Amino acid sequence: MAQIFHRSTNFISRFTLFSGLFLVGLALLVLGAIARSPYLTNQNIAREQPVQFSHKHHVGDDGIDCRYCHTSVETSAYAGIPPTKTCMNCHSVLFSNAEYLEPVRESFRTGKSIQWVKVHRMPDYVYFNHSIHINKGVGCSSCHGQVNQMPLVWQASPLLMNWCLDCHRNPEAVLRPREQVFNMDWKAPADQAEIGRALATEYKLRTTAELVSCSTCHR
Amino acid sequence: MSSANSVPPFRRVAPVLEPGHTYASVTEKISSIVLSRPAGTGWYLAFTLAFGLVMMLGMALAYLIAKGTGIWGINIPVGWGFAIVNFVWWIGIGHAGTLISAILLLLNQKWRTSINRFAEAMTIFAVMCAGIFPLIHTGRPWLAYYMLPYPSTMGVWPQFRSPLIWDVFAVSTYFTVSLLFWFVGLIPDLATLRDRAHSRLAQQLYGILAMGWRGSARHWHRYQSAYLLLAGLATPLVVSVHTVVSFDFAIAIVPGWHTTIFPPYFVAGAIYSGFAMVLTLAIPLRKIYGLEDFITMRHLENMAKVMLATGLIVAYGYAMEFFMSYYGGSKFETFLAHNRLTGPYWPFYWALILCNLVVPQLLWFHKVRVHVPTLFLLSLVVNVGMWLERFVIVVISLHRDFMPSAWGMYAPTFWDWATYIGTLGMFLALLLLFVRALPVISIAEMRELVAHTSEEQK
Amino acid sequence: MGAEGHRHEHRGGEEPEVKHDAHDPCTEELGSRVYSLDLAAIRERLAKSTGKEYWRSLEELSGNPHFEELLHREFPRQASEWDESVDRRDFLKLMAASLALAGLSGCGRKPEETIVPYVNQPAGMTPGKPQYYATAMPLGADAIGLLVESHEGRPTKIEGNPDHPGSLGATNAFAQASILGLYDPDRSQVLTYLGEIRAWSSFLESAVATAPMLKATGGAGLRILTGSVTSPTLAAQLRALLAQYPQAKWHQWETAGSDGAREGGKLAFGRYVNTVYRPAKANVIVSLDSDFLGSGPGHVRYAKEFFRRRKLSGEHAEMSRLYVLEPTPSVTGAVADHSIPMKASDVGLFARALAAKLGLGGSASVPAEREKLLEAAAADLQKHRGASFVIAGEYQPAEVHALAHAINQALLNAAAGGTVYYTEPVEMQPVNHLESLRELCADMDAGRVDTLLILGGNPVYDAPHDLDFVSKLKKARLSFHLSQYFDETSEYCQWHIPEAHYLESWSDVRAFDGTASVVQPLIAPLYQGKTAHDVIGAFSDKPGLSSYERVRNTWVGGHTEKDWRKWLHDGVIGGTAFAPMAITSKWNPASLLPAKPAPADQLEFIFRPDPSVYDGRFANNGWLQELPKPVSKLTWDNAALVSPKTAEKLGLTHRAAWTGGEHGQILSDVVDVDLAGSKVTAAAWTLPGQADGVVTLPLGYGRSKSGQTGTNKGFNAYVVRASTGIWCATGGTLRKTGLEYPLACTQYHHNMEGRELVRSASLDEYKHNPNFAHKGAEEPPKELTLYKEFAYPGYAWGMAIDLASCNGCNACVVACVSENNIAIVGKDQVMRGREMHWIRIDRYYEGSLDSPETFFQPVPCQQCENAPCEQVCPVGATLHSAEGLNDMVYNRCVGTRYCSNNCPYKVRRFNFLRFQDWETPALKLMRNPEVTVRSRGVMEKCTYCVQRINNARIEVEKENRPIRDGEIVTACEAACPAEAIVFGNANDPKSRVAKLKAQQRNYTILAELNARPRTTYLAAVRNPNPELEKPGTPPGDKR
């Protein structure tokens, strides 16, 4: 009676068995990678905005302080997006007829808000509070990156939960003196470890256990 | 195995294999069921029914995912209903398979030979049915992967103190090992089928599954050792799986759950129901496919004895629960015992006692053990009884626990039933397919048996 | 009616119809007898619904967006999606879910969102920081001062105003729930004339058009119908209008108002007066069927004073004593030291006897079994002359009030500085409302009424049926109706004007002691609502003014802008409280005609505003509908309440159904009530503590034209309420129909099964053994656990609940619902035991079935130290926080419900279906942005308002100081008028909560489980009169 299988089948079967295992492993790795990739986290993707507002120009070149626009960053959960009025404070005189500022003027005329595209998006069940981070010596650039070098703002950090936890578990690594909080170019000094620890005690940082309690961020 | 004439003449012990069988006849008889014998209208009718039920299961699950677990009868306080009852019940049924194949193999019980194959199949299918429930009973099944320990982007891990996590491991391991064990056992037979199959397609399919088995001495050697190893692996699982399942309850503080007797008592119960299910399957099987020679009265009677034994352990469990609830003096436990006997769910409890304690005592009588129809009925009764036991444990304990102000009642809805009956259909469908596609009895091992018995005959 | 009918079936808390829905999987579980009743009801309804059809089709024509939205909504608002077939959206969800099952969930890309900043940011507001505004909520002849939390201009939460005498910082259930009332999408949203949508301007025209004719006749045909008016501005406007048209008349009809109190004052003093009580100064209080702690003018204030007077602490162990005689159990009776069930008519006799006993003349005898009580009460009052008072119930007739006044006078309680004082009436125009309405009806009948303005109220629904308001209303040539809903009355008026909610309007109002507040709006009218000021203004000679100007003009005369701002800020207009009047009663009880005792064999029917929906005005408020009524624990329905004895006599029963059962669906006998020549079919309910032979018919239900939530719930007691027996009627019959009706009861089981959940003692026992709460209690050592102790270097949040103070008023429950975005689930789901309240108030009885002692026990999450829930959650969705809370992480929860099974206190709530309303835009505005809105399949529970804790902590950490005691107030604590709930840092021995926990009365429930809850209870202490032995039969299962 004729052979059912050709000799080669031996190899094929072995190959399929092992490559099958290999592929499964690979698939898992890929899934893990995708979940952390900018494709899903939106990290490092500059967003088009209705107005080509450049932080690089306003902060980097003109040296305007963050708080001039983001007024409530020290007092409220939200940093606050400036009302059109704030733009017009200057642009009623500067570039007062630049065509690319028309949306701003229009908004001011019509009373219709400019609809900015949200760059840093937290899930609704996360209750992030800007003011407390600012007051405890976490600098803007620690999370937002060097905004002063961003023509269009992109999300500098993955904003994944384990990214949050990295800090909450070890805040010393990023703490800086309060007066440095708004300094976009601040770089961690060599002895950040000690400095951080010192600041943590000075600013009465809560214990790690408290900082990683669920209800610290989720309600 | 002691030979037949060593027992007193007035009590003839049935042989594990009726005399007069040769290698050829065994092989022919078993493989023909798969290869030559036509399915027959009976099979088609049964399969149609089973498949219909599977479709119903599909609908029930779709509706469940669309709407949420609220379509069931569960509520606060009774947060677990049919889903968990059925889960535990199915897992329990699975046990007999592994027990027969693994433990009895290690104990070198020859009578296991002709029943282990479909008992194992039953195990696998039962665990598949069981596996559905823990997943779908959650409010958000699509997040079930939160229960797996892997480095997630959330930087948090499962909560390892929870028995539900242990379940995930226990059940998946159990399933994997059982499947391997079953498959390894099948390999020689698959080869036999490959060689006997007529159609090219069948030859190739069986061929692929047979993984190039040629029956050489080396093959046999490796096969034996692998099989033994797996048996060794499977044995602790028989105990561990249901022990872990019992932890789901024993770890909790709910009166009626919070008791240390649960692990042994669950395992015994599992084997009890498992053997009942094997009987429920074996009896029709041997009738329909004329396997009385292979699945002899000896088998049935032995299984009946195992049932009797495990049934008594279960009975002891019930007794202990009661003793403890009074002797322990906790007012909650005492109330629970009282509530079981006389509370709104008393019919369930008493039905349970009837099915699991009273009726099986008939098995003390040899006449009953060898009277096939009665045995069949008995096995059904025990299956029902064990399901009731799980219902009693889950529902009666929860519906009146600590705060009288929060007491409630549980009543299954249409969807509870649809899901449960659906899994029964799935179980049946898989079995029917199995019967048609694979040898229901291990040909290879039967051949060995032929050898043994022929020696005994001499 | 097809589509419409279908949508009805899916409505939240829908009762009968649901039961015959083809999709309903629970159909088989319900007795067929239930259908027959329902189907009958439905047929009847359909028969009645032609008019409705008419209006709707018009709305349709008009393309009213709200109506469109109604049509296209697939899920009922604020309700479960229980019995819907899988529709398109479900199918999509299903696909999504199955994708998710394929392991792709969470891998979806986040959709893009936009940020919409202000163009000009309002001064003084910071995005993300709530602001608080003071205002006041008018209700009947009273008002309660409020502080309203507003997020970016959206009012989201009501708090009491500490500066307001009617609140002192506390609120009640109605005030808390009024937030939902504001956003309710069922409120009428368009001004209509004969059902056609009209502009406000066209209304103004037609109003002006009436002027010439009115001038000609001096307003002879003009009638104005209002409720009790406590707004000085509105009253001034009305008076001005009447001055302008001398022939016009102003009528008042407040259906739940108290003619008895008004006329009683008149009887005693010869003039209308307002009576103010000072429970804080009273050692002995005798309530003649008065629910002064739970309803009526000033009840929040009275509760505060009363319970402050009774707070026990180590050094202070004195309490006042409260006697309550009442026909039907109230929250006041529930906390009384002696609550005596007594027919409403017998209360009058008792009052006479009491007066006689105190030597005020007159004569009356009480039945022998009451003699002892009479003696004791009289003696007690005598002993505490000047430091006691007798208070008559709002629904008692005039002479009882007169007697109460007389007694208080005689006992010098009304003397200067006493416990009672009299002031000018709070109502701007006190009249006998029944007579006023009768007069109006007569005029309309005689065709004397040409133009009728109905400002608020719903007379077609709630007027006494024998006045036959509807047919007479039809005779009025031109009728205007101002109301928040297009209700029964609107259907019969040509003009319907949507009324602005009090949170949308400028107005003013006087509270129980006369204190005036400015009602200021928190938000511009959502649905084009208008105020009574606007409507009256339209007919006046100066229609132009806005409500704001009118209110301002009323008050600023002679005051500065600064004062005005201060009033707005404080929520109180300083110095407007009425001064006590020095008046004495010349009336002699002896002058009363001899009373004729009610024939004992006859049933007495009494009417009461429902504790949840009041007179029916809150019928469409889902929060209140789902609120378990304080004593009966019924939701979504009213029922004819009878005493156990009476129930036995009439053979009335109810039984737990298989679904829900002891905590959920109860099948109750249906009865036909035949009274004053008209009939109503009601479900009967047996209530321990109800007086024998008394049938209570709660008002406010059976609305035929409310919103989606309120229509066709319960039975309409107004149908049998005649002007001859407004509050109490005899001569009726109550017949068992043999049908059963499913009621949703959240606590059917009255018995503690010997588990000592509530512990109580009399004051004497307490003095004798302050540690009574721990007698024989099993409290295992805290080391008895495998897990290691948590250390709390910082805060350790805890709560103490004083059972001596809780009167089960439900304010906390609604406050919690409002603060934490808790969904309502509808009657069908409550019947399955799936209500979502994070704090429930358990009610237990002790003593005899007929006059038991009642105890309330609020049960929020106990925040255990060894939390059983934490150990069993497989995914760590509920974990111990570093400050001892059992955190609940909704986004992590997969919904195994294991935690709930393992929770001995059963305080966890599960989203079995998608209970939250994710569609209705208006309701999105209402939600508290500080709390996650939970989705389907997620467990939820009380977290001590962790959002408040976090926000407070963030603020103090910025100021670099610790959190002060009392700085964090949980929603329930803030709302509680009795100050029964105290939250704080248990680590700080000086905190209020730590002090309470240090008391010997402090105990934990189910201590033997060693879960070691953070929420502890202070055992109840009552102060019964030693002369009267307690009704002391052992507690038994009340079924």
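C:Glu1008 and B:Lys331 form a salt bridge in which the closest N and O atoms lie 2.7 Å apart, a salt bridge being a side-chain nitrogen of Lys or Arg within 4 Å of a carboxyl oxygen of Asp or Glu. The model is a predicted one, in which local features need pLDDT of at least 70 and side-chain atom pairs count only at pLDDT 80 or more, while totals for chains, interfaces and linings use all residues. Residues are numbered from 1 along each chain as its sequence is written, chains are lettered from A and ligands numbered from 1 in the order in which they are written, and side-chain values use heavy atoms, with hydrogens and water left out.

**The interface of chains C and B**

Across the interface of chain C and chain B the rule finds two salt bridges, and the pair C:Glu1008 and B:Lys331 is a salt bridge between these chains. There are also 35 residue pairs in polar contact between chain C and chain B, both residues at pLDDT 80 or more; a polar contact is a pair of N or O atoms within 3.5 Å, where within protein one must be able to donate a hydrogen and the other to accept it, and where residues adjacent in sequence count only if both atoms are side-chain atoms. On the side of chain C that touches chain B, the elements giving two or more residues are helix H5 (88-104), strand S31 (840-846), helix H27 (868-872), helix H28 (898-901) and strand S35 (909-910), helices (H or I, at least four residues) and strands (E, at least two) being DSSP runs numbered from the N terminus. H5(C) provides the largest share of that side, six residues. By residue type, the side of chain C that touches chain B divides into 35 nonpolar, 22 polar and 22 charged residues, where Ala, Val, Leu, Ile, Met, Phe, Trp, Tyr, Cys and Pro count as nonpolar, Asp, Glu, Lys and Arg as charged, and the others, Gly among them, as polar.

**The interface of chains A and B**

The table sets out the two interfaces; contact means heavy atoms within 4.5 Å, and buried area is the accessible area (1.4 Å probe) that two parts lose on being put together, summed over both.

| Interface | Residues in contact | Buried area | Share on carbon and sulfur atoms |
|---|---|---|---|
| Chain C and chain B | 79 residues from chain C, 69 residues from chain B | about 6,000 Å² | 58% |
| Chain A and chain B | 12 residues of chain A, 14 residues of chain B | about 970 Å² | 63% |

In chain A, the residues that lose the most area to chain B are A:Ile4, A:Phe5 and A:Met161, which together give 50% of what that side buries. Helix H1 (9-36) and helix H9 (161-169) of chain A are the elements that give two or more residues to the side touching chain B, and H9(A) gives the largest share, four residues. That side of chain A divides into eight nonpolar, two polar and two charged residues.

**Chain B and B:Trp387**

Chain B has 15 helices and zero strands. Its radius of gyration, taken over C-alpha atoms, is 23 Å, close to the 23 Å that the globule rule gives for 458 residues, so chain B is as compact as a globular protein of that length; the globule rule is 2.2 Å times the number of residues to the power 0.38. The C-alpha trace of chain B spans about 75 × 60 × 40 Å along its principal axes. Of the 458 residues in chain B, 61% are buried, buried meaning under 20% relative accessible area, exposed over 50%, and partly exposed in between (1.4 Å probe, protein chains only). Among the contacts in chain B with a separation of 6 or more, 81% come from residues 24 or more positions apart.

B:Trp387 lies in helix H13 (residues 372-399) of chain B and is buried, with a relative accessible area of 10%. Not counting residues up to four places away in sequence, B:Trp387 touches B:Phe82, B:Val85, B:Asn86, B:Trp89 and B:Tyr420. B:Trp387 and B:Asn356 are 31 residues apart along the chain, and their C-alpha atoms are separated by 10.0 Å.

**Two helices of chain C**

Nine of the nine residues of helix H25 (residues 811-819) of chain C are buried, so H25(C) is largely enclosed by the rest of the structure. Just after H25(C), C:Asn821 takes a positive phi of about 50 degrees.

C:Val946, in helix H30 (residues 946-959) of chain C, counts as buried at 3% relative accessibility. Leaving out residues up to four places away in sequence, C:Val946 touches A:Ser215, A:Arg219 and C:Leu885. C:Val946 and C:Asp887 are 59 residues apart in sequence and 8.5 Å apart in space, C-alpha to C-alpha.
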